[in-house]
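Q: Could you walk me through how to read the ligand site and a few backbone features here? Let's look at the model first.

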Amino acid sequence: MPADFVIAIDGPAGSGKSSTARAVARALSLAHLDSGALYRAVTLAALRRGVPIEEGRLHALSQSGAIRLVLKNDEFVPTLGGVDVSTDVRSEAVTADVSAVAAMPLVRDWVNGELRRAARQHNRGVVVDGRDIGTVVFPDARLKVFLTAEVSERARRRAIQDGGSLESADIHALGEVIAARDDADSTRAVAPLRPAPDAVVIDTTAISFAAQVEQIAGLARRVHVD
Ligand code: C5P
């Protein structure tokens with residue numbers, strides 16, 4: 001596949017974008033690039049360094065060179081001060097603040113530049129997941145997929161992933177947190193979460209992980225051959 005081969009996978013929180021994108025990348029020998037991890041890395045850097053969540057301050061922080069994407073075994077990982085923070089960026093504190101950070105246009109411009117630079121580094125191509133990858137970051141992506149699933153199912157999957165409780169009251173509470181983040185991401189002024197007009201929309205509520213990965217990998221093979 002050519003170096004500029006990009007597959008965009010967008011969707012709401014807990015839709016399985018990142019794990020799907022990683023598996024599709026592996027199946028096709030492409031690299032995986034998780035754009036949310038970069039918004040999370042900016043948020044983590046602000047929390048650790050006591051930088052207020054203000055656009056000017058976060059723009060300066062993002063441009064300081066402290067946050068970088070590094071390619072490791074076909075996975076772009078976020079680093080802070082040269083240290084891999086791919087686990088740290090998943091903390092609850094980061095999750096609570098990340099949507100506010102991601103709503104800032106200057107932060108988005110910086111993230112988008114980093115994503116495009118990273119994509120050019122890989123000689124076979126990348127599978128990029130996020131909210132605006134097919135609409136804004138890579139509008140010429142060869143394949144655009146939008147993953148959805150019912151909120152309750154997304155909450156259940158998130159609980160399993162995080163080793164949390166599967167009691168229905170807990171799943172319901174987690175679903176409310178996920179729905180609030182969907183709302184923040186879908187209603188913001190800049191690059192709101194929505195499918196690109198030419199995206200293939202896949203509802204994964206009732207299909208297995210393996211089936212959705214195979215469906216996307218199959219679509220990718222087809223656009224590559226065409
Ligand atoms: O995908 P993940 O949950 O890690 O993304 C964290 C947050 O980053 C999202 O809730 C969203 O606010 C933001 N984001 C974004 N655009 C992207 C990827 C993530 O606004 N392309």
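**Reading the ligand shell**

A: Start with α2, which gives the most to the shell around the ligand, four residues. Helices (H or I, at least four residues) and strands (E, at least two) are DSSP runs, numbered from the N terminus. Keep in mind that this is a predicted model, where local features need pLDDT of at least 70, side-chain atom pairs count only at pLDDT 80 or more, and totals for chains, interfaces and linings use all residues. Residues are numbered from 1 along each chain as its sequence is written, and side-chain values use heavy atoms, with hydrogens and water left out.

Q: How many residues surround the ligand, and which are the closest?

A: A residue is near a molecule if one of its heavy atoms lies within 4 Å of it. Here 17 residues surround the ligand, and R40, R108, R181, D185 and R188 are the closest.

Q: What does the shell look like by class?

A: Ala, Val, Leu, Ile, Met, Phe, Trp, Tyr, Cys and Pro count as nonpolar, Asp, Glu, Lys and Arg as charged, and the others, Gly among them, as polar. This shell has nine charged, four polar and four nonpolar residues.

Q: Which polar side-chain atoms lie 2.8 Å from an oxygen atom of the ligand?

A: A polar contact is a pair of N or O atoms within 3.5 Å. R108 has a polar side-chain atom 2.8 Å from a ligand oxygen, and R188 has one at 2.8 Å from an oxygen of the ligand too. S35 brings a side-chain N or O atom to 3.0 Å from a ligand nitrogen. On its own the ligand has 450 Å² of accessible area, and the protein covers 99% of that (Shrake-Rupley method, 1.4 Å probe).

Q: Which elements give two or more residues to the shell?

A: Those are α2 (35-49), α4 (92-102) and α8 (168-187).

Q: What about D74?

A: D74 is in the loop between β3 and β4, with phi near 65°, again positive in a non-glycine residue. Its relative accessible area is 35%, so D74 counts as partly exposed.

Q: And D10, buried or exposed?

A: D10 lies in strand β1 (residues 6-10) and counts as buried because its relative accessibility is 4%.

How values were computed. A polar contact is a pair of N or O atoms within 3.5 Å; within protein, one must be able to donate a hydrogen and the other to accept it, and residues adjacent in sequence count only if both atoms are side-chain atoms. Buried means under 20% relative accessible area, exposed over 50%, partly exposed in between (1.4 Å probe, protein chains only).
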